[in-house]
Each structure stands twice: as structure tokens, then as C-alpha cells.
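Please look at the model first.

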Amino acid sequence: MKRVENKVVVVTGGASGIGRETCLLLAKEGAKVVIADLSDKDGKKLVDDIESLGGVAKFYHLDVTNEQEVKDVYAKAAKEFGGIDGSINNAGIAGVDKPTHELTEKEWDIVMDINVKGVFFCTKHVVPHMQKSGGGSVVNVSSIYGLVGAGDIPHYHASKAAVRLMAKNDALTYAKDNIRFNSIHPGFIWTPLVERMGKEDPSFRKHLDSLHPIGHIGEPMDIAYGLLFLISDESKFMTGSELIIDGGYTCQ
Ligand SMILES: NC(=O)c1ccc[n+]([C@@H]2O[C@H](COP(=O)([O-])OP(=O)(O)OC[C@H]3O[C@@H](n4cnc5c(N)ncnc54)[C@H](O)[C@@H]3O)[C@@H](O)[C@H]2O)c1
């Protein structure tokens, strides 16, 4: 028996980085994976990759800031596969790195819209499907930046702290429906998001490595294994928790 055999799992932002690696791992462990992302090209390529490995996957175009699109994607996924067992609220952006007194309203809003309102819409529209089928597992992808300050990207910190507490509050609300909510808190992981942040600084990666007591930043698979655990029934007694995978970053 594979670890998430026949579970239907939606992964927002599933076409790149942490989401992509998670979709591959979930499929390898028996899940039917729904990749929901802005990037059609990367999403479709990932479906091909999963199918060529013998897995099951479907791609739907999704902008998590568009409530109607969110509603439609969860409805289509539930119809296609007969329900939804897991949902990973992973789509997110870092935003521009400016101190609070220099940030514009627009720069603030774009990060909050994708990272927070997107999680709200996805939760709002997956819950009824899970209530109908008797339960499920939802994971909000937060960050070490949702736990401690680093003195940069203030709007990103605010957004990741918000989804941490949304998971705890939803854990209380929906425990009676057998729907679990947890958050996951990656340290720096080498993905296109992080590569973009350091594209003008050749020493960026070395600097990030030095921030983690374990001596280096993480890779997408380090987080994919945590997400696999939270979606699987192995974590069935876990709700409202924070899974920190950060090479020791927040120990200090
Ligand atoms: N990489 C890190 O160091 C790190 C650390 C902590 C938390 N995170 C979080 O992990 C998640 C994934 O990050 P990543 O590093 O894999 O980034 P990434 O840029 O590689 O992937 C993000 C994906 O989200 C998609 N996306 C962006 N906006 C979207 C929208 N409006 N609707 C739907 N999809 C959208 C992108 O198309 C992309 O495929 C994010 O929430 C990020 O904040 C990342």
C-alpha cells in the first residue's frame, strides 16, 4: 500500500519549485494529483512527467486571487476524481524587498492577495467538498517568515503569519467535520522564487547557506516529504500544528 493511495490532492502553485516536487512525490505514492497553477506550460509538462512515471495527474489553470476560478477548479477536480481528500495551499510570491515605510499599497496588496486571500478562497471552496466526503487534510504553506522576523519583505512576513493562524483557527472550526488543517514552515529552499530574489547577487546562495545551522539551504524534496506526511493518514492525529523544516533556522 502506497502512502497516499487513491487520495485526490489539489496543489495550488503546483507547477514549480516546492509544489512541483510535491506533486511528483504524491503521485509516486499513489495520489491522483490536481495541479492548479497560473503557468499552463509548466503545469501541462508536469502532467506529462507524472504520467510517464505511471502516475495520475490533471492540470487546471488557476489564479488563486480569482474566486470564481478557484470555485470552478475544486468543482472540476471533485467531479473528475469523485471527491477531494487533500488540498495544499502552496501558491505564493515573495514580493519586492523594501522596508515598510517604502512599500506602496499596490506592492502590499499583490502579496496579500495571492498569499492570504488566495488561501482563504481555496479553503472556502474546498471545505464543502471535504464535508460532503467525510473529511480531508488541508495544508497552508507558510514559512520561517511566518514564525520569526528577518528584517526584510514585511508584507511577505505578514502574509505567512496570517496563513499560519488561519490553519489553527480552521483546525478548530472543522475538526467536527474530520477536516485537518496544518501549516508547514520551510527554511530557504532553492526554487525559482528564491533564485529570483538573488539574481543580482552572486554570493546570495552562500549567504543563505550560512543562515541555516545545518550549513546549507534546503531543496524542494525536503518540504515535499513533510507535505506528503501531512496529507497522508500517518498524521491523522495532527491538526492545528506547525511543521517546521528549516535546517535549524528558527532554533536560534
Ligand atoms: N522557496 C523558499 O525558500 C520558500 C520558503 C518558505 C516558504 N515558501 C513558500 O512555498 C510556496 C512555493 O514557493 P516556491 O519557492 O516553490 O515558488 P515558485 O515560484 O517556484 O512556485 C510558485 C508557483 O506558484 C504559482 N503562482 C504564483 N501566483 C499564483 C496565483 N496567483 N495563482 C496560482 N498560482 C500562482 C507560480 O506560477 C509557481 O508555479 C510559496 O507559498 C512560498 O512562499 C518558499
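Q: Which helix gives the largest share of the shell around the ligand?
A: This is a predicted model in which local features need pLDDT of at least 70 and side-chain atom pairs pLDDT 80 or more, while totals for chains, interfaces and linings use all residues. Residues are numbered from 1 along each chain as its sequence is written, and side-chain values use heavy atoms, without hydrogens and water. The shell holds 27 residues, each with a heavy atom within 4 Å of the ligand. Its largest share, four residues, comes from α6 (helices are DSSP runs of H or I, at least four residues, numbered from the N terminus).

Q: How far is an oxygen atom of the ligand from an N or O atom in the side chain of D37?
A: A polar contact is a pair of N or O atoms within 3.5 Å. For K160, a polar side-chain atom lies 2.9 Å from a ligand oxygen, and for R196 the distance is 3.0 Å. For D37, it is 2.6 Å.

Q: What volume does the largest pocket have?
A: A pocket is an open set of points on a 1 Å grid over the protein atoms alone, where a 1.4 Å probe fits, with protein on both sides within 12 Å along at least five of seven lines. The ligand sits in the largest pocket, as more than half of its atoms lie within 2 Å of the grid points. Counted as the space filled by probe spheres set on the points, which are joined across faces, edges and corners, the volume of the largest pocket is about 780 Å³.

Conventions: Polar contact = N/O pair within 3.5 Å; in protein donor to acceptor, adjacent residues only side chain to side chain. 1 Å grid on protein atoms, 1.4 Å probe; cavity = no way out; pocket = protein on both sides within 12 Å on 5 of 7 lines; lining within 4 Å. Helix = DSSP H or I, 4+ residues; strand = E, 2+ residues; numbered from the N terminus.
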